[in-house]
Amino acid sequence: MSILFKPISIGKMAVKNRFVRSATNDYLGNPDGSISDRELDIYRELAANEVGLIITGHSYVQHPLGRASANQNAIYHDRFIEGYAKIAGIAREYGARLVIQVSHAGRQVRPDLARDIVPVAPSAVTEKTTGITPRELTNEEILGWIDDFAAAMARARAAGCDGVQLHIAHGYGLSQFLSPHTNRRTDRWGGSIENRTRILREIILKGRRLAGDDFPVLVKLNSTDGFDGPGYLSPEDVICTAKLLESLGVAAIEVSGGTREAGGSMSRTNILRPDQEAYYAGAARAIKSAVSIPVILVGGLRSLEVMESVVESGTADMVALSRPLVREPDLVAKFKSGRSRTASCISCNACFNPRGLACYNRGKKGE
Ligand SMILES: Cc1cc2nc3c(=O)[nH]c(=O)nc-3n(C[C@H](O)[C@H](O)[C@H](O)COP(=O)(O)O)c2cc1C
């Protein structure tokens, strides 16, 4: 039996295998942000096909400023608990675990939404791909983010989910605090890495108080902004953040990278050979050697061979997939039964589609 089918524990959460469905915004929520029936079908298909840990698409904790895209799911109010309770129930039926990813968009808002609001961010740094210049958050507004994230974490528990994941990646709000590129503040929320991570510390402490100390808090952490050099998130900052998160009781760290501004760094295209897979393996290895909690690797994992070597070599404890499970929601079941040894995903990114999550190049093979 492959090492990928060995169970693992994330805090008190026992997971039946090493496969994670990485958070994937499906653009299929109801217009008010609640869970739609089409979404229930997506989660059922994943749970029924052996995915051990399912992480929802990022759910916004504050309305309207926290919302990144239309038809994104929300968790800023107790009325959203019901929909998540349904998904958690579906996961439980099949022995899968369900974790809600929670986020604030900050400045990384789709331009169609930014017509009606002025996005906010740690600092007023223009996002070059959209031209959006956010308004700098006030101290009171930052305290509001802490309250809203913590309340969302408590709602995840109230919904019967197995845990919650803070989205500290891909250029969204919390990663804007972490990066010196987007956080130019000179108060206690900016400057040193201690100050740039202060909001994370406050959210986790308050969230654990509200949700209960034993409720697993996971994070998806940027290992890079997608830009190198001074003025951007450095590898030293990342290691320091990982250690801090562990000391605050975080149960697992999923390692990713990139921002929308940096282009193709989060979901790289044309992953067609094993040597192109696992593109954040180096960062995962560095984080894994700095902490003792489970590390999850995401980014370009396609073949069973590479996924096994990630776990066997101690690069990470679990492997997370997004696009391959859009094309083949039954991929893990196929791996388990020996029907497949590699995903057929061609990494074209056509699944990034506001019309709704689907593989829009189903018949196509990679170049
Ligand atoms: C359509 C789509 C939506 C995504 N939504 C999210 C999200 O809500 N939260 C998140 O952390 N990452 C999101 N991602 C990024 C993926 O979780 C993952 O980190 C990235 O695509 C690399 O993994 P892959 O090669 O397995 O796709 C999304 C990716 C895609 C393709």
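**Helices, core and ligand shell of the predicted model**

Helix α4 has 20 residues and reaches 29 Å from its first C-alpha to its last, close to the 28 Å expected at 1.5 Å a residue. The expected span of a helix is taken as 1.5 Å times one less than its number of residues. Helices (H or I, at least four residues) and strands (E, at least two) are DSSP runs, numbered from the N terminus. The structure is a predicted model, in which local features need pLDDT of at least 70 and side-chain atom pairs count only at pLDDT 80 or more, while totals for chains, interfaces and linings use all residues. Residues are numbered from 1 along each chain as its sequence is written.

The buried residues of α4 are W145, D148, F149, A150, A151, A152, M153, A154, R155, A156 and R157. A residue is termed buried if 20 or more other C-beta atoms lie within 10 Å of its own, exposed if 12 or fewer, and partly exposed in between, with C-beta atoms placed from the backbone. The buried residues of α4 pack against α2, β6 (97-103), β9 (163-168), α7 and β10 (217-222). Two residues are in contact if their C-beta atoms, placed from the backbone, lie within 7 Å. After α4 comes G160, with a positive phi near 85°.

I203 lies in helix α7, which spans residues 198-211. I203 counts as buried because it has 25 C-beta neighbours inside 10 Å. Leaving aside neighbours within four places in sequence, the contacts of I203 are I146, F149, A150 and L166. The C-alpha atoms of I203 and D147 are separated by 7.4 Å, although the two residues are 56 residues apart along the chain.

The largest nonpolar core has 102 residues. Such a core is a set of buried Ala, Val, Leu, Ile, Met, Phe, Trp, Tyr and Cys residues joined through C-beta atoms within 7 Å. The residues with the most contacts inside this core are I54, M153, I253, V255, I296, L297 and V319. Helix α4 (residues 139-158) gives the most to this core, with eight residues. Not counting residues up to four places away in sequence, V319 touches L4, R18, F19, V20, L297, L301, M307, V310 and V311. In soluble globular proteins, nonpolar side chains tend to be buried together.

Helix α1 (residues 37-48) has twelve residues. From its first C-alpha to its last, α1 reaches 16 Å, close to the 16 Å expected at 1.5 Å a residue. Within α1, E39, I42, Y43, L46 and A47 are buried. These residues lie on the same side of α1, because they cover an arc of only 130° around the axis; the arc is that of the directions from the helix axis to the C-beta atoms. Packing partners of the buried residues of α1 are β3 (19-21), β4 (53-55), α2 (81-93) and α11 (323-327). α1 is followed by E50, which has a positive phi near 75°.

The ligand is surrounded by 25 residues, the closest being S22, A23, S267, S322 and R323. A residue is near a molecule or strand if its C-beta atom, placed from the backbone, lies within 6 Å of it. The shell around the ligand has ten nonpolar, 13 polar and two charged residues. In this classification Ala, Val, Leu, Ile, Met, Phe, Trp, Tyr, Cys and Pro count as nonpolar, Asp, Glu, Lys and Arg as charged, and the others, Gly among them, as polar.

The peptide bond from H63 to P64 is cis, with omega near 0°, and P64 is found in the loop between β5 (59-60) and α2. Y27, in the loop between β3 and α1, has a positive phi of about 55° although it is not a glycine. With 19 C-beta neighbours inside 10 Å, Y27 counts as partly exposed. A278 is found in the loop between β11 (252-256) and α9 (281-288), and its phi is also positive, near 50°. A278 has 24 C-beta neighbours inside 10 Å and therefore counts as buried.

K12 lies in the loop between β1 (8-10) and β2 (13-15) and counts as exposed, with 11 C-beta neighbours inside 10 Å. Leaving aside neighbours within four places in sequence, K12 is in contact with D214 and P216.
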